[in-house]
Amino acid sequence: MLLKNVLIILVIVYTIDAVKKSYDGYKLYQIVPKDEREVDILNDVYYSNLGEFWVEYFKAKDDVKVMVSPKNLEKFQEVLRVGNVEAKEIIGDVQKVINDQLKPATSRASDTYLSYSWSAYHDLDAIYKWLDELETNHTEVKTVVMGKSLENRDIKGIIINYHPEINKPIGMIEGTLHAREWISAATVTWFIKEFLTSTDPQIRALAENFEWHVFPVVNPDGYVYTFTDNRMWRKNRSPASAKTCAEGVDDDMSHGVDLNRNFDFEWATVGASNDSCTNTYAGPSPASEPETKAIAEYALSLKNKGNFMYYLSYHSYTQLIIVPYSHVQSDGALLSGNYGDMFEIAVRGSDAMRRRNGTEYRVGLSVHVLYPMSGSSFDWVKYYTNVPISYLIELRDLGEYGFLLPPEQIIPTALENMDGLIEMDRTARSLRYYAHTSGASRVLVSAVVVAFGIVMSLLG
Ligand SMILES: [Zn+2]
């Protein structure tokens, strides 16, 4: 009997261990194609599945990161050698960096709050447990479930609402739409902690002058999967299409939809794939995924509440603040109605982010700073809720570690992004997107508006 139990346990342990994808001996290369010829060679590598690309689209002069398995290494190197394309090895053993990412950094007392810390990355259970603790410990916090994921997990967040008797502008923060972008959940949870505990007057004002709706992980199935099965998973976990994937691509890739291509705005028109085995699969139809529907419905409910001001979608990596819309070329910039303001607000935010650590976040339309794409959440929310300010923010780094950002960089990333948020909010306020709701400033704003009206009528 005892032996049987031991055997069962051994089998279970072995099974759990066996399903987790290992990146032992995988190498990460940096390639910057010099011209179209080199882009073509790189495309050959892409389509022959000799490597897993960390970027989905690329052109000449782009910084392209490619992960290569030990099995494909020789062939990969040969193709590049024959084509005379330069490749620099960035990571010698990807699995080692994955393991390192799970080791906590040396922590200080300020790096923790209740059961949570920012010296390490945490799984979904730890995040949700912490959200529950916040509700217990703060009267101004309520947990909220926006909906269920495909595998029936809660998509849980919190509402932070100081002074509920005052009608305030609303901000919504969306984290970890892409599963492997762990720094997103880490940064978004830091914002929550700062809103609830910081004594910095600027952070206090930001926390208390808004009603915040914050969701650290909107793709819970994918996020769990990055801990249990495959660290490099990006999509949700929708069932596989019947087909198997092309040679060289893991059949598991036929699962999942790229949630940031699945929203019903310009769906599948550009920068998205109809091949379910790719990382940018737009899904079988617009808003086919429960996570997409939940986010869209929640954002609409905030629109209906009125005064919906900010929608912020946090991703990694490449350090960008992307301004809607993402399917347009330069001449379509004005489609969003207030591109100039959104651009200015983002640039000032980026300036503030640079001041702390010198980290550069570039600002622009997706076509300029990344590549055109369609069906993203922040574009959808901008269009359908008419929220004034909507951004997709790509966090650290520039690709030295990419998705595998070491835990030592969580707090520096979070701090510079809080700086950015404060400055973006200050700029939005100076552009009169909203006024402080305290009595004194409300009177002042009314007086200014009345005076302005009188002057205009005199001039008219
Ligand atoms: Zn992303």
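Y325 sits in the loop between strand 12 (320-323) and helix 10 (339-357), where helices (H or I, at least four residues) and strands (E, at least two) are DSSP runs numbered from the N terminus. A cis peptide bond joins P324 and Y325, with omega at about -5°. Before we go on, please keep in mind that this is a predicted model, in which local features need pLDDT of at least 70 and side-chain atom pairs count only at pLDDT 80 or more, while totals for chains, interfaces and linings use all residues. Residues are numbered from 1 along each chain as its sequence is written, and side-chain values use heavy atoms, with hydrogens and water left out.

Another cis peptide bond links R396 and D397, again with omega at about -5°. Look for D397 in the loop between strand 14 (389-395) and helix 13 (410-430).

E181 lies in the loop between strand 9 (170-175) and helix 6 (182-197), and H315 belongs to strand 11 (residues 308-316), so the pair ties together parts that are 134 residues apart in sequence. Are these two residues buried or exposed? E181 counts as buried because its relative accessibility is 2%, and H315 counts as buried at 1%. Here buried means under 20% relative accessible area, exposed over 50%, and partly exposed in between (1.4 Å probe, protein chains only).

Now follow strand 8 (residues 154-160), which is mostly covered, with 6 of its 7 residues buried. Strand 7 (residues 141-148) runs antiparallel to strand 8 and is joined to it by 7 bridges; two strands pair if DSSP finds at least two bridges between them. Within this pairing, K148 stands opposite D154. The two strands form a hairpin with 5 residues between them, and N152 in the turn has a positive phi of about 70°. Strand 8 is also joined by 3 bridges to strand 10 (residues 211-215), in an antiparallel arrangement, and there I159 faces H213.

Elsewhere, an open sheet of 4 strands has the order 2-3-1-4, with antiparallel pairing. Its edge strands are strand 2 (52-53) and strand 4 (88-91), each of which pairs on one side only. Strand 2 meets strand 3 (residues 64-68) over 2 bridges, and F53 has V66 as its bridge partner.

R432, in the loop between helix 13 and helix 14 (439-459), has a positive phi near 70° and counts as exposed at 54% relative accessibility.
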